[in-house]
Amino acid sequence: MPISVLIVEDDPMVSEILRRAIERISGFKVVGASASESDALQRIAKASPDLILLDIYLPSGNGLNILKHVRQSDLATDVILVTAAKDVETVYATLRYGAVDYIIKPFDLNRLKAALKNYARMRRILNKKEEIRQDDLDKIGNKSDPDIDAAIVPDREDLPKGVHQLTLEQLLTILLREKRPMTCQ
């Protein structure tokens, strides 16, 4: 079943860009879009989306109020912020209220794609387990570059003595991002 997404964005152009980007990613489906707090709350109650892409600045209302409502109502809905709000107080508040990611406008479509893929990975890991392991949680928290996901990283059992999985992944991250040759120094 695809991950249902509600877009809460007052700029019609940005809303359309988000919709098109989401629809290009396998496993996601846009179930609606809203441009105001009151309309968003009605759509959330009606559609019960898995995920909300949420803007903070709305002409009628505030995205932070929507996030607070979702948490206070104990809805099984996750939130990724896509907003121009970049003051520390707002960012910190959204993270305290459980936003799974925060993307600052203007945003890169690759960053949005990475956030959605990371979210899908989190859901896959959590949905297939009755009990979670630490390495599963570490995979969820790893918002790495999409190219790194394609790198073959051996499982913990295959690593030589003295090589830690997390250290190896961090080294691969650095090496894959670097455009020029590097030495061990």
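Residues are classed here as buried under 20% relative accessible area, as exposed over 50%, and as partly exposed in between, with a 1.4 Å probe and protein chains only. The model is predicted, so that local features need pLDDT of at least 70 and side-chain atom pairs count only at pLDDT 80 or more, whereas totals for chains, interfaces and linings use all residues. Residues are numbered from 1 along each chain as its sequence is written, and side-chain values use heavy atoms, with hydrogens and water left out.

The protein contains 8 helices and 5 strands; these are DSSP runs numbered from the N terminus, with helices (H or I) of at least four residues and strands (E) of at least two. Along the sequence the elements follow the pattern β-α-β-α-β-α-β-α-β-α-α-α-α. Of the 185 residues, 38% count as buried. The accessible surface of the protein is about 11800 Å², of which carbon and sulfur atoms supply 53%; accessible areas come from the Shrake-Rupley method with a 1.4 Å probe, and for residues only the protein chains shown count as cover. Among contacts (heavy atoms within 4.5 Å) with a separation of 6 or more, 60% are between residues 24 or more positions apart.

The 5 strands form an open sheet in the order 2-1-3-4-5, with parallel pairing. Strand 2 (28-34) and strand 5 (101-104) are the edge strands, each of them pairing on one side only. From one strand to the next, the twist averages 20°. Pairing of two strands requires that DSSP find at least two bridges between them. Strand 1 (residues 3-8) pairs with strand 2 in the parallel sense over 6 bridges, and Val 8 stands opposite Ser 34 of strand 2. Helix 3 (residues 63-72) lies across strand 1, strand 3 (51-54) and strand 4 (78-83), and runs at about 160° to strand 3. Axes are lines fitted to C-alpha atoms, for helices over the stretch in contact, and angles between N-to-C directions run from 0 to 180 degrees.

The structure holds 9 salt bridges, a salt bridge being a side-chain nitrogen of Lys or Arg within 4 Å of a carboxyl oxygen of Asp or Glu. Arg 19 forms one of these with Glu 16, the closest N and O atoms being 2.3 Å apart. Arg 19 and Glu 16 are 3 residues apart in helix 1 (residues 12-23), and are therefore separated by about one helical turn. Arg 19 is partly exposed, with a relative accessible area of 27%, and Glu 16 is also partly exposed, at 28%. Arg 19 forms a further salt bridge with Glu 23, where the closest N and O atoms are 2.6 Å apart. Glu 23 and Arg 19 lie 4 residues apart in helix 1, about one turn of the helix. Glu 23 counts as partly exposed at 45% relative accessibility.

In helix 2 (residues 37-47), Asp 39 and Arg 43 are 4 residues apart, so that about one helical turn separates them. Asp 39 and Arg 43 form a salt bridge in which the closest N and O atoms are 2.8 Å apart. Asp 39 is partly exposed, with a relative accessible area of 25%, as is Arg 43, at 34%.
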